[in-house]
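Work through the exercises below with the sequence and the structure side by side, and try each task before reading its solution.

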Amino acid sequence: MTAHLFFLVWWLVVNGTINYLSMDFLLYMTKAEEKRYMLLWLALSLGMTAIAVCFQTPNLFFADVLFLAVFAKAVLRIHWRDMAAPAAVLFTLYTFMEGGAAVILSFLSANVELGRYGSNIQFLVSALMVFCFFSVLLFIRKRYFYAFGRPVSAYLYILLLPCIVIVTSIRFGLRLDSMEFAEYLSSFGGGASAVLLLAIGAAAVMFFIMIEVFGKIIYLTEKEKTAVLMSEQLRQQRIYVEEARKRNERYAAVQHDIDNHLLVLSGLLKEKKYVQAGQYADKLCRSEVPAAASASTGKVVLDVLLGEKIGYARDNRIDVVCNVRIPKAFAVEDMDLCVVFSNIMDNAICACKKVEDGNRFIALSARVKSSFLVINARNSTIPHPAVKMGTGLHNIKNIAGKYQGTMEIDCAGNEFCIKVLLCSGGKLF
């Protein structure tokens, strides 16, 4: 009775550890902030383990797969597509762990006289498998988080199909889910067990090669998409800045000639040619004079860009306060600054247009602290529960990452806030 109780406690500890590591891995990879449900998950999964041990039911692997999928979808609200790749990794690793432990014990029983140490060896092997399970999950978290944290679409089959083949081959080949799997494995001799162990090891190597290929494909695909978006964004900004520069040159030319226009008007008035003076003044008023830039940032290109954005915002009855100061020596490319500030202003103007007149505002500031440029922006917005990362915010985040910086957003009530941090000279690519 004591031995049976110890066996039950041991398997509860082992399976509790595995279940905790599995759920923690799933939450981390899917970016689901739902750790408050961890105790519920452990209680339910350990209850299933206790029932299986007490009633000596066959292995509940496929029931565990279904239970995890239902729990993640119904309780954690994780989309099927997001959980598929991490779950495939979890259950494939679990099959490797279970199959490897079974074959190792079979090999030892066929070649070594275990005697009264058999139970201790079994506990030791299971503990070693749990440690390997933990180490591999930690490695995958660190190395492949980027790939698993992206929408994988059709590339998911690169991972799912081989995982299904590996899991079914090992489980059905070793009869891990059968009541007679222990007797079946004991029928193999030492040589057969060694071959099986090598086969599982080869499958494990193929599994990691497959994950590496999967990760590379996702990384290169996302990198290409990002590069295309950034290229298009930069192309549009160059066109926009060039057009704005030309308008500013036209404004400067008109300003340069304003004294001559005033002299003409003064002469016509002195000669009492009021009709001609009126016609000349009307013609001057109808001439196309672009709005003057209303920003002085220290960066000529950024002055032109913000001047145009601020002018457009004020035309839409939006109060704008701009306090941006960037030293010329601050090492950030002009085009990158244009991407950040234009997306901030475009998003802010779009949000303000949805707010009733009189409550529309944008407050933009930027200053340099040490080797960091700190950009803060606030704007009025309509209340909404969450902020979705669109192309503009993704572009800002990419530029922040390029300069080893960060982007933080917050939406509270009727106000949206964004903070961007850029490091001078911190460009990564």
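**Exercise 1: A helix and its end**

Helix 13, in this predicted model, covers residues 391-402, which makes 12 residues, and its first and last C-alpha atoms are 16 Å apart, close to the 16 Å expected at 1.5 Å a residue. Find which residues of helix 13 are buried, and then look at what follows the helix.

Solution. Begin with the cut-off, since a residue counts as buried when its relative accessible area is under 20%. In helix 13, this holds for G392, L393, N395, I396, I399, A400 and K402. Then step past the end of helix 13 to Q404, where phi is positive, near 55°.

**Exercise 2: A nonpolar patch**

Identify the residues that make the nonpolar surface patch of about 380 Å², and decide whether F131 is buried or exposed.

Solution. The patch is formed by L128, F131, F134 and L138. The relative accessibility of F131 is 52%, and because exposed means over 50%, F131 counts as exposed.

**Exercise 3: Salt bridges between parts of the chain**

The model has nine salt bridges when a side-chain nitrogen of Lys or Arg must lie within 4 Å of a carboxyl oxygen of Asp or Glu. For three of these pairs, work out which parts of the chain are linked and how accessible the partners are.

Solution, step one. D24 and R141 meet through their side chains in a salt bridge, with 2.6 Å from N to O. This pair links distant parts of the chain, because D24 belongs to helix 1 (residues 2-30) and R141 to helix 5, 117 residues apart. Both D24 and R141 are buried, and together with K35 they are linked in a network of salt bridges.

Step two. Between E98 and R171 there is a salt bridge whose closest N and O atoms are 2.9 Å apart. E98 sits in helix 4 (residues 80-111) and R171 in helix 6 (residues 156-174), so the pair ties together parts that are 73 residues apart in sequence. E98 is buried at a relative accessible area of 16%, and R171 is buried at 1%.

Step three. The side chains of D357 and R317 form a salt bridge of 2.9 Å, N to O. D357 lies in the loop between helix 12 and strand 2, and R317 in the loop between helix 11 and strand 1, so this pair ties together parts that are 40 residues apart in sequence. With a relative accessible area of 45%, D357 is partly exposed, whereas R317, at 52%, counts as exposed.

How values were computed. Residues numbered from 1 in each chain as written. Predicted model: local features only at pLDDT ≥ 70, side-chain atom pairs only at ≥ 80, totals over all residues. Heavy atoms only, no water. Helix = DSSP H or I, 4+ residues; strand = E, 2+ residues; numbered from the N terminus. Expected span 1.5 Å × (residues − 1). Buried < 20%, exposed > 50% of the residue type's maximum accessible area, 1.4 Å probe, protein only. Patch = residues over 30% accessible without salt bridge, like charges linked within 9 Å, V, L, I, M, F, W, Y side chains within 5 Å. Areas by Shrake-Rupley, 256 points an atom, 1.4 Å probe, with all protein chains shown as cover.
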